[in-house]
Amino acid sequence: MAKSPENIALDQLDKDQMKTFSDFLMSYNKLSEMCFTDCVRDFTSRDVKDSEEKCSLNCMEKYLKMNQRVSQRFQEFQMIANENALAMAQKTGKL
C-alpha cells in the first residue's frame with residue numbers, strides 16, 4: 001500500500017527528530033567524557049571536591065561557548081556562500 005504524502009512527511013520528520021536527538025546525545029556524551037577525564041582526579045572519596053566541580057563547570061562552559069561560536073561562524077560562512085552562489089547564478093543568467 002502506498003503511503004500518503006502526509007505519512008511520508010511525518011516519517012521524515014520522525015527521522016529528522018531522531019537524528020537531532022542522536023546528535024545531541026553524542027555531543028552530551030563527548031562533553032561529559034572530556035570534562036570528566038580532565039577534571040576528576042580523586043577516586044578515594046564519593047564526594048566531589050570543590051576543585052573538581054569548578055573544573056567541570058568551567059570545562060562545560062568553555063565547550064558550550066566554543067560550540068556556539070563554531071555554529072555561529074558556520075552560519076555566517078553558509079550565508080556568504082549562498083549569497084555568492086546567488087550572485088554567480090544571476091551573473092551567468094541561470095536564475
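**A chat about the model**

Tutor: Let's start with phenylalanine 24, which is partly exposed, with a relative accessible area of 48%. Keep in mind that this is a predicted model.

Student: Okay, where is phenylalanine 24 placed?
Tutor: Phenylalanine 24 sits in helix α1.

Student: And which residues make the nonpolar surface patch?
Tutor: Phe21, Phe24, Leu25 and Tyr28 form that patch, about 420 Å² of it.

Student: Let's go inside. Which residues make up the largest nonpolar core?
Tutor: That core has five residues: Leu31, Cys35, Cys39, Cys59 and Tyr63. Helices α1 (5-39) and α2 are the elements that give it two or more residues.

Student: Which one gives the most to this core?
Tutor: α1 does, with three residues.

Student: What does cysteine 39 touch, not counting residues up to four places away in sequence?
Tutor: On that count, cysteine 39 touches Glu52, Cys55, Ser56 and Cys59.

Student: New topic, then: glutamate 52. Where is it found?
Tutor: Glutamate 52 belongs to helix α2, which covers residues 50-92.

Student: Is glutamate 52 buried or exposed?
Tutor: Glutamate 52 is buried, yet it has no salt bridge.

Student: Which side chain of opposite charge is nearest to glutamate 52, and how far away is it?
Tutor: That is lysine 49, 6.0 Å away. A salt bridge would need a side-chain nitrogen within 4 Å of a carboxyl oxygen.

Student: So what is glutamate 52 in contact with, leaving aside its neighbours within four places in sequence?
Tutor: Its contacts are then Cys39, Val40, Arg41, Asp42 and Asp47.

Methods: Residues are numbered from 1 along each chain as its sequence is written. This is a predicted model: local features need pLDDT of at least 70, side-chain atom pairs count only at pLDDT 80 or more; totals for chains, interfaces and linings use all residues. Side-chain values use heavy atoms; hydrogens and water are left out. Helices (H or I, at least four residues) and strands (E, at least two) are DSSP runs, numbered from the N terminus. Buried means under 20% relative accessible area, exposed over 50%, partly exposed in between (1.4 Å probe, protein chains only). Lys and Arg count as positive and Asp and Glu as negative; His and the chain ends are not counted. Contact means heavy atoms within 4.5 Å. A nonpolar core is a set of buried Ala, Val, Leu, Ile, Met, Phe, Trp, Tyr and Cys residues joined through side-chain atoms within 4.5 Å. Patches are made of residues with over 30% relative accessible area and no salt bridge: like charges are joined within 9 Å, nonpolar side chains (Val, Leu, Ile, Met, Phe, Trp, Tyr) within 5 Å. Accessible areas come from the Shrake-Rupley method with a 1.4 Å probe; for residues, only the protein chains shown count as cover.
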